[in-house]
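Q: Can you walk me through this structure? I have some quick questions.

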2 protein chains.
Amino acid sequence: MSAPSPRTQQALRQRNLSLALRAVAAGGPLSRAAVAARIGMTRAGVAAVVDELLRAGLLVELGPGRPGTVGRPGSALALNDRGPCGLGAEIGVDHLAVCAVDLSGRVRARVAADAANRHHPPGPVLARLAGLIEEVVAEVRGEGLTPTGLTVAVPGLIARDESTVVRAPNLGWQGVDLGPLLPAAPPARVGNEANLGALAEQRLEGTAAEPPVTGEDGEPGTVDQPGTAEQPATALPAGDGGSPAPGDRRSPGPGRNFLFVSAEIGIGAAVVMDGELLRGAHGFAGELGHVPVRPQGRPCACGGRGCLEQYAGEEAVLRASGIDPARARAEHPGPGGRIAMLAARAAEGDALVRTALREAGGALGIALAGAVNLLDPETVVLGGALAGLGPWVVPAVERELGRRLADPARTVRLTVSALGAEGPLLGAALSEVDAVMEAPGAVAAG
Amino acid sequence: MSAPSPRTQQALRQRNLSLALRAVAAGGPLSRAAVAARIGMTRAGVAAVVDELLRAGLLVELGPGRPGTVGRPGSALALNDRGPCGLGAEIGVDHLAVCAVDLSGRVRARVAADAANRHHPPGPVLARLAGLIEEVVAEVRGEGLTPTGLTVAVPGLIARDESTVVRAPNLGWQGVDLGPLLPAAPPARVGNEANLGALAEQRLEGTAAEPPVTGEDGEPGTVDQPGTAEQPATALPAGDGGSPAPGDRRSPGPGRNFLFVSAEIGIGAAVVMDGELLRGAHGFAGELGHVPVRPQGRPCACGGRGCLEQYAGEEAVLRASGIDPARARAEHPGPGGRIAMLAARAAEGDALVRTALREAGGALGIALAGAVNLLDPETVVLGGALAGLGPWVVPAVERELGRRLADPARTVRLTVSALGAEGPLLGAALSEVDAVMEAPGAVAAG
């Protein structure tokens, strides 16, 4: 057998740095010996890797003789909470938001602003976003953190260059390269908001899986959880195949095969299979909003007929509730404005709103039944607006899925995202932390 | 950095054996030097690997000084056509078939028999299949080939154990472990027929990609192509994004992201993304036949309503053509019996049959529009019965896709499988050859 090439050696070094960093992220603080045991390297090998991670400012030493350590006292290693951080931004139809998360996934700064972005040209929108980014960068730099990258979540089709918005119908953008409009540093990329929301769900599982199952009030992990409280997981159909074990009160996480539905103005989705985001040939996978649910139904802006978005998108729900969408946007602006209004009316017992939400849930259930038959996910996670409207939407989704997946061999778990509408923003920032975790050598070199 | 562990070394050896074997498979006959150049190993390293492959009977030497070789004459290496071979079997609703392919993917033996398997118990069906397997094994052994494994294609949901048929509605089987009913040797596994059909499509591309593009009559590759002639690829919508280059008369292959639709009595599909078959959480992905296309339509045996199978499955098409399915089965038995009858009537201009096929194509187009929005494949390949009925089904599929994927950013290529109904059987055998290519060390050890 031939010896590893320099390129292979470089890849091995990167891999070892990544393994050691992830070991500390998952189980730290850890001694060098504990890292060595977890990743199956010799202690001498780990010592060299850890030195490099310390020099790069990715890890810190908590000092020797830390109380609570078992066996020979060793200097405990932890993620540096004054080291690199990831920036996430979100361009919504009626809001902008920016946040920063540190290596442990903790949100360290967050700003948001209402913004009427619908059919506004990208230039001014991005200029305003740049101001928010500056605010966040100043704040985290004040805490000693260094932004390593920025990901911008956009509700639309993003080209494989991770820079061009091919089409964002609700913003009215088409074929726009956002690259030149974004700050020069740190390096920026653009992603689909549903895909980034799915990434946040995966990370939530990763962190929630760490603490031992203790019963009453398990920590939901290190990710901040703003917004809606988590709703219980539901096994569908009534079978018990996919239910969490009794006594386990934590979210079981979406698993390695799941569908994440992100509904705001439009409806998008992300498909994660075998732990990997499915992108498709052009990067456009996940357009659940244009799955036909009433094939001979209402014409859609996409050119099709009877697309899900025409029955479960915000505008459709408002109209079915007897509410003028333009007026509703004026009276209830900002992220979640109309959602909160619809939720309040439904809670008050408004029959028209309740029927509209039930119908939207039914349409969503039909589209999801097709998707589940095609993809066989373990879990369907409802995120975004659907999290806020869960109590009125979810039963109808469940009913359609229960009817259409009657075969007992087919079980799927339906859950509502614990992250509410915050998922895509958080996922954008976490994707930058993931990039550091994947290639710590890049930070070390820079 | 630590030295590679014995386990890593073992994996490296396996990988090098596999790389060398695949290099000869793709471009052979090749000299040792040519193999070394293709896989980026030293000549000394390759010599050791090749020796092992020769000893295992996977490669043969064609002898030195072979005419037509360029440069220093070296002994040319080729796949052994009297070495290991893969067995494939197919349990259809009304037929059984078995074939053997050698390492180059060439069919070396094939037997088939009409069989009324619908709602027949697995015992007698498998006993009859065992007889056919024996015939094929005797035939290939007579040619000096050694079967290394058997894969059985079944139209149904197969458990992750690759042995249990969870549900095959058209056979009437449910929760049946076929393992004990299959021959003791060679090692056998059970797979979903659409998944195996997709594998054959991928292999077809692999082989077709090898010869240079010469224009008029490019070889379709080493895989036998029984049945239907290939139909031209169609770019959808009218855009030119996905069309093959002018002058390229070969099939461009399905690409790394494609949907393979396998229609016989029922309708299944396989989803290949980034070159990998998507299996889903339970291994049940690809149930296109139960995607709702008329959500409030006909009840389906699955418990749902308006499933594609109710509008485009064989029984639905026969009924819509004014033909009694039971009588048609009696009068036109065997694989392709009813398909040939329907094709003949459509060709004669039977308006009822033509309308039925057009309606089936429309329903399929609706289901595929949803699947394309969700998965963003490069290609949709219509296989099985759809290949034989292409001229009457495809235009309706195209029309629906064209309408519903009107966004010019969304292009998908619709093709008809060159393998016709033979895909799953061929894919079953090829999957065994793939297993040898992936882990030649197992054959070398055994």
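Q: How far apart are the C-alpha centres of domain 1 and domain 2 of chain A?
A: They lie 30 Å apart. This is a predicted model, where local features need pLDDT of at least 70, side-chain atom pairs count only at pLDDT 80 or more, and totals for chains, interfaces and linings use all residues. Residues are numbered from 1 along each chain as its sequence is written, while chains are lettered from A and ligands numbered from 1 in the order in which they are written.

Q: Where are the domains in chain A?
A: Domain 1 covers 6–79, domain 2 covers 84–199 + 426–445, and domain 3 covers 215–419. The bounds come from an automatic or database domain assignment.

Q: How many residues does the contact between domain 1 and domain 2 of chain A take?
A: Domain 1 of chain A gives 13 residues and domain 2 of chain A gives 10 residues. Two residues are in contact if their C-beta atoms, placed from the backbone, lie within 7 Å.

Q: Which helices supply at least two residues on the domain 1 side?
A: Helix H1 (6–27) and helix H3 (43–55) of chain A each do. Helices (H or I, at least four residues) and strands (E, at least two) are DSSP runs, numbered from the N terminus. H1(A) has the largest share of that side of domain 1, with 7 residues.

Q: What classes do the residues on that side of domain 1 divide into?
A: There are 7 nonpolar, 2 polar and 4 charged. Ala, Val, Leu, Ile, Met, Phe, Trp, Tyr, Cys and Pro count as nonpolar, Asp, Glu, Lys and Arg as charged, and the others, Gly among them, as polar.

Q: What is H10(A) like, end to end?
A: H10(A) has 25 residues and reaches 35 Å from its first C-alpha to its last. That is close to the 36 Å expected at 1.5 Å a residue. The expected span is 1.5 Å times one less than the number of residues.

Q: Is H10(A) mostly covered or exposed?
A: Mostly covered: 18 of its 25 residues are buried. A residue is buried if 20 or more other C-beta atoms lie within 10 Å of its own, exposed if 12 or fewer, and partly exposed in between; C-beta atoms are placed from the backbone.

Q: What follows H10(A)?
A: Asp376(A), whose phi is positive, near 50°. Most residues other than glycine have a negative phi, and most peptide bonds are trans.

Q: Over to chain B. What is the phi of Asp376(B)?
A: Positive, about 50°, although Asp376(B) is not a glycine. Asp376(B) sits in the loop between H10 and strand S15 (379–384) of chain B.

Q: Buried or exposed?
A: Asp376(B) counts as buried, with 24 C-beta neighbours inside 10 Å.

Q: What about His119(B)?
A: His119(B) also is not a glycine and has a positive phi, of about 55°. Its loop runs between strand S5 (107–114) and helix H4 (122–142) of chain B. His119(B) is exposed, with 10 other C-beta atoms within 10 Å.

Q: Where is there a cis peptide bond in chain A?
A: Between Ala185(A) and Pro186(A), with omega about -5°. Pro186(A) lies in the loop between strand S9 (173–177) and strand S10 (188–192) of chain A.

Q: And what is the bond from Ala185(B) to Pro186(B)?
A: That bond is cis, with omega near -5°.

Q: Last one. How many residues of H13(B) are buried?
A: 12 of its 16 residues are buried. Among them are Leu425(B), Leu426(B) and Val436(B). Helix H13 (residues 423–438) of chain B reaches 21 Å from its first C-alpha to its last, close to the 22 Å expected at 1.5 Å a residue.
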